[in-house]
Amino acid sequence: MWIFKGREFTEVDIPENAVGFIYEMSAIIDGKPVRYIGKKNFYSNTKKKLGKKALAEITDKRLKKYVRETKPDFMKYYSSNKILKDAHKKGIVIKREMLLVCFSSMDLTYQETKHQFLY
């Protein structure tokens with residue numbers, strides 16, 4: 001569960017034209033507090049292979065055999081930090097908080113660096 005401005009944040013709450021967000025994850029692991037600040041895009045682009053029927057309809061062999069899909073994937077995200085990933089797998093509760101929503105990828109990168117220096 002993501003928290004943004006004191007309340008739960010879901011896929012429905014994503015602002016229009018938003019690219020991603022700056023987050024802070026924190027937990028107590030082995031009696032020590034662990035904090036991590038990073039960035040995450042709201043959506044990921046994946047390739048989905050075409051099914052048998054769709055492939056049978058393709059007459060030109062040079063055409064792509066997949067379709068690009070854009071879907072939100074941030075709800076299952078538990079940091080790129082190895083310590084926090086392992087802690088999540090062990091069942092340790094991790095507090096996930098969004099600090100800022102960004103509307104361009106350049107601003108997302110800038111704000112991540114800025115927040116890392118601030119905190």
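Select Asp-13, which sits in the loop between strand 2 (7-9) and strand 3 (20-29). Helices (H or I, at least four residues) and strands (E, at least two) are DSSP runs, numbered from the N terminus. Residues are numbered from 1 along each chain as its sequence is written. The model is predicted, and local features need pLDDT of at least 70, side-chain atom pairs count only at pLDDT 80 or more, and totals for chains, interfaces and linings use all residues, while side-chain values use heavy atoms, with hydrogens and water left out.

Asp-13 counts as partly exposed, at 25% relative accessibility. Buried means under 20% relative accessible area, exposed over 50%, and partly exposed in between (1.4 Å probe, protein chains only). Show what surrounds Asp-13: not counting residues up to four places away in sequence, Asp-13 touches Arg-7 and Glu-8. Contact here means heavy atoms within 4.5 Å. Asn-81 is 68 residues from Asp-13 in sequence, and their C-alpha atoms are 26 Å apart in space.

**Two loop residues with positive phi**

Stay in the loop between strand 2 and strand 3 and select Asn-17. Its phi is near 70°, a positive value in a residue other than glycine. Asn-17 is exposed, with a relative accessible area of 61%.

Next select Asp-30, in the loop between strand 3 and strand 4. Asp-30 is not a glycine, yet has a positive phi of about 55°. Asp-30 is exposed, and its relative accessible area is 75%.

**The whole chain**

Zoom out and colour by secondary structure. The chain has three helices and seven strands, and along the sequence they follow the pattern β-β-β-β-β-α-β-α-β-α. Turn the model about: the C-alpha trace spans about 60 × 35 × 25 Å along its principal axes. The radius of gyration is 18 Å, whereas a compact globule of 119 residues would have one near 14 Å. This radius is taken over C-alpha atoms, and the globule rule is 2.2 Å times the number of residues to the power 0.38.

Of the 119 residues, 29% count as buried. Among contacts between residues at least 6 apart in sequence, 64% join residues at least 24 apart.

**Salt bridges**

Side chains of opposite charge can pair when their charged atoms come close. A salt bridge is a side-chain nitrogen of Lys or Arg within 4 Å of a carboxyl oxygen of Asp or Glu. How many salt bridges does a search of the whole structure find? The search finds seven.

Select Asp-73 and Lys-40, which form a salt bridge with their closest N and O atoms 3.5 Å apart. This pair links distant parts of the chain, 33 residues apart: Asp-73 is in the loop between strand 6 (66-72) and helix 2 (82-90), and Lys-40 is in strand 4 (residues 32-41). Asp-73 is partly exposed at 27% relative accessible area, whereas Lys-40 is buried at 15%.

Move to Glu-69 and Lys-48, whose side chains meet in a salt bridge (3.8 Å, N to O). This pair also links distant parts of the chain, with Glu-69 in strand 6 and Lys-48 in strand 5, 21 residues apart. Glu-69 is partly exposed, with a relative accessible area of 30%, and Lys-48 is partly exposed at 48%.

Then select Lys-95 and Glu-97, where another salt bridge joins the side chains (3.7 Å, N to O). Lys-95 counts as partly exposed at 49% relative accessibility, and Glu-97 counts as partly exposed at 26%.

**The end of strand 5**

Select Lys-49, in strand 5 (residues 43-49). Lys-49 is exposed, with a relative accessible area of 72%. Leaving aside neighbours within four places in sequence, Lys-49 is in contact with Lys-65 and Tyr-66. Lys-49 and Lys-65 are 16 residues apart in sequence, and 6.2 Å apart from C-alpha to C-alpha.

**Last stop: Glu-112**

Select Glu-112, in helix 3 (residues 105-118). Is Glu-112 buried or exposed? Glu-112 is buried yet has no salt bridge, and Lys-39, the nearest side chain of opposite charge, is 4.1 Å away. Lys and Arg count as positive and Asp and Glu as negative; His and the chain ends are not counted. Beyond its neighbours within four places in sequence, Glu-112 is in contact with Ile-22, Ile-37, Gly-38 and Lys-39.
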